[in-house]
Amino acid sequence: MKKNEEKIIVLKNVCKNYKSKKGNINVLKDLNIKFNSGKFYAIIGESGCGKSTLINILGLLDKPTSGQYLFNDKPCEKLTDNEISDLRRDNIGLMFQDYLLNPYMNALENVMLPMLINKNFNKNERESIAKELLEKFGLKNRMSHMPKQLSGGEQQRVAIARSLVNNPQVILADEPTGNLDEKNEIIIFKYLKELSENGKCVIVVTHSKQVKKYADIIYEIKDLELKEVANET
Ligand SMILES: Nc1ncnc2c1ncn2[C@@H]1O[C@H](COP(=O)(O)OP(=O)(O)OP(=O)(O)O)[C@@H](O)[C@H]1O
Ligand SMILES: [Mg+2]
């Protein structure tokens, strides 16, 4: 294991079923896997195979039906909702499939939002961190735009910037480039790669073929299981 590579998230025998009127839907079965710092993971698989379900579990937004989730060696199943929110806020950056921007705040305010409860930064620092990220993703001239005045791809980039402001240890992204053209997709993947090289654990769900150029490890969800696939590039 490299020096900056340590296991952050461990799943042990994780299963996920959804209950519906027509019976149980089994989505994930007996996942045993470790996600390390300093690595870029891609998760692929057909629509409906369970990618978002897995990201929601990894992001502590949903609990496994059975099995264990450990974050930095700490089992999470007995944590209270508040402890889980704190753990998530301080350690995990989430980029959602739908962006969930606050419609009443402009781009800059949306990006600054997760930092409001972060006591490490004063208002000026919060603003400069948010501006720097927005500039990085090509939104220098869109900071005062409201979400409805932004294109889908611009909203997606605002949401990506927002997920990074608290400098999380783990970055979870569900189709982060679904609405982006190739140029912007490459900017995002390169940036995520850079973050992993600087020690972050980056886990990206994607249908994009581009990701193969950046990912260290690719997993495919198929038949309820997660299998590593060879990266030919
Ligand atoms: N809350 C829920 N209740 C019941 N079934 C659900 C629920 N959420 C997801 N499912 C089902 O679980 C399966 C996996 O869904 P999931 O959203 O994880 O797929 P996905 O791989 O992310 O697909 P996509 O690529 O289309 O986003 C699907 O068959 C879906 O219908
Ligand atoms: Mg999905």
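Trainee: Let me begin with a strand: which residues point one way from β8, and which point the other way?

Mentor: A word on the conventions first: this is a predicted model, in which local features need pLDDT of at least 70 and side-chain atom pairs count only at pLDDT 80 or more, while totals for chains, interfaces and linings use all residues. Residues are numbered from 1 along each chain as its sequence is written, chains are lettered from A and ligands numbered from 1 in the order in which they are written, and side-chain values use heavy atoms, with hydrogens and water left out. Helices (H or I, at least four residues) and strands (E, at least two) are DSSP runs, numbered from the N terminus. In β8, Cys201, Ile203 and Val205 point one way, whereas Val202 and Val204 point the other way, and all are buried. Buried means under 20% relative accessible area, exposed over 50% and partly exposed in between, with a 1.4 Å probe and protein chains only. Five of the five residues of β8 are buried, so this strand is largely enclosed by the rest of the structure.

Trainee: What is the order of the strands in the open sheet that holds β8?

Mentor: Strands of a sheet pair through backbone hydrogen bonds, either parallel or antiparallel. Here two strands count as paired if DSSP finds at least two bridges between them. The open sheet has six strands in the order β6-β7-β8-β3-β9-β10, and its pairing is mixed. At the edges stand β6 (92-95) and β10 (225-229), each with a single partner strand, so one side of each has no neighbour in the sheet. On average, neighbouring strands of this sheet are turned by 20° against each other, direction ignored.

Trainee: How many bridges join β7 to β8, and in which sense do they pair?

Mentor: Strand β7 (residues 170-174) pairs with β8 (residues 201-205) in the parallel sense, over five bridges. Within this pair, Val170 has Cys201 as its bridge partner, and Ile171 stands opposite Val202.

Trainee: Which residues of the largest nonpolar core touch the most other members?

Mentor: A nonpolar core is a set of buried Ala, Val, Leu, Ile, Met, Phe, Trp, Tyr and Cys residues joined through side-chain atoms within 4.5 Å. The largest one has 37 residues, of which Phe40, Leu134, Phe137, Val158, Leu164 and Leu192 touch the most other members. At least two residues of this core come from each of β3, α3, α4, α5, β7, α6 and β8. Taking contact as heavy atoms within 4.5 Å, and leaving aside neighbours within four places in sequence, Leu192 is in contact with Phe40, Met95, Ile171, Val202 and Val204.

Trainee: How many aromatic pairs does the structure hold?

Mentor: Rings of Phe, Tyr and Trp (its six-membered ring) pair if their centres lie within 6.5 Å, and planes under 30 degrees apart count as stacked, over 60 as edge-to-face and the rest as tilted. The structure holds five such pairs. Phe35 and Tyr219 have ring centres 6.3 Å apart and planes at 80°, so their pair is edge-to-face. Since Phe35 lies in β2 and Tyr219 in β9, the pair ties together parts 184 residues apart in sequence. Both Phe35 and Tyr219 are buried, and ring pairs link Phe35, Tyr41 and Tyr219 into a cluster.

Trainee: Last, where is Asn167 found, and is this residue buried or exposed?

Mentor: Asn167 is found in the loop between α5 and β7, and at 55% relative accessibility Asn167 counts as exposed. The phi of Asn167 is near 55°, a positive value in a residue other than glycine. Leu224, in the loop between β9 and β10, also is not a glycine and has a positive phi of about 75°, but at 25% relative accessibility Leu224 counts as partly exposed.

Key: Axes fitted to C-alpha atoms, helices over the stretch in contact; angles between N-to-C directions.
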